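Before using this model, please read the points below alongside the coordinates.

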Amino acid sequence: MYPIALVARRARVFLLLPIFWVVATSIPPALAQPARQVSSGAVCNNSEKVQLLAKISNTRDNDVQCLGIKLDGNAFEALRIETHRIVGASDATIADHVKVTEFPVAEIESRQGAVLDGAQGHNAVILQGHASPSGRNVELVTSYLYNGLTGEYRSCRVTLDQSADAAWRLVNQYNETVSNIVVRTRNVPLLGTIGIANLDGACTRT
């Protein structure tokens, strides 16, 4: 058996966000690696090729993530997560260490889904789903690591929906438009953070 300290260290999952599928089998180690980084572009704003869906905060630190989609015309091309690590305090607080990651439709639609965050052996948030034939609706399942010690995951359904005016929105299972998500980490005395308690807004009522 592993020493308790080693198990606890491997079980610590520190992340922001969101978002998406049920783990039925173990994920290949390659998918647990950090997602590829691209040029940061706009800072959490809409642009010609990027539409912001929701801002994500968490209960562990002051970091902020912006969840959006990359567009090819009006078509959904990739999920985009822009992460801002917050440094400083009070009114002098500034955002630094901006990182942008993108997850193409093909990766989201794969059998394994897109690993949005986590460490090797502990995929913290996984997204999997398929676009409708019309291309205006993407049904997704978000799976998040609830207990890193036991490997227990919990999940909820969300939808990317394109309205008649071509604007995209994130909709939870309660048919509510989601613009803010709070990642509530799950803490255990002595061990610290062992997983995610819930994704407020995405998996709960807004």
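1. Residues are numbered from 1 along each chain as its sequence is written, and side-chain values use heavy atoms, with hydrogens and water left out.

2. The chain averages a pLDDT (the predictor's confidence in each residue, from 0 to 100) of 78, and 72% of the residues score at least 70. Over residues 1-42 the pLDDT is below 50, although this stretch has 118 contacts in the model beyond near neighbours in sequence, a contact being heavy atoms within 4.5 Å. Where pLDDT is low, the predicted coordinates should not be read in detail.

3. There is 1 cavity of 30 Å³ or more, a cavity being a set of points on a 1 Å grid over the protein atoms alone where a 1.4 Å probe fits but cannot get out. The largest cavity has a volume of about 40 Å³, the volume being the space filled by probe spheres set on the points, which are joined across faces, edges and corners.

4. Lining residues, which have an atom within 4 Å of a point, include Cys44, Val50, Gly68, Arg80 and Glu82. Strands (DSSP runs of E, at least two residues, numbered from the N terminus) β2 (50-58), β3 (64-72) and β4 (75-87) each supply at least two lining residues, and β3 gives the most, with 3 residues.

5. Arg80 lies in strand β4 and, with a relative accessible area of 6%, is buried (under 20%, with a 1.4 Å probe and protein chains only). The side chains of Arg80 and Glu82 are joined by a polar contact of 2.9 Å, that is, a pair of N or O atoms within 3.5 Å, where within protein one must be able to donate a hydrogen and the other to accept it, and residues adjacent in sequence count only if both atoms are side-chain atoms.

Definitions and conventions: This is a predicted model: local features need pLDDT of at least 70, side-chain atom pairs count only at pLDDT 80 or more; totals for chains, interfaces and linings use all residues. On a 1 Å grid over the protein atoms alone, a cavity is a set of points where a 1.4 Å probe fits but cannot get out, and a pocket is an open set with protein on both sides within 12 Å along at least five of seven lines; lining residues have an atom within 4 Å of a point. Helices (H or I, at least four residues) and strands (E, at least two) are DSSP runs, numbered from the N terminus. Buried means under 20% relative accessible area, exposed over 50%, partly exposed in between (1.4 Å probe, protein chains only).
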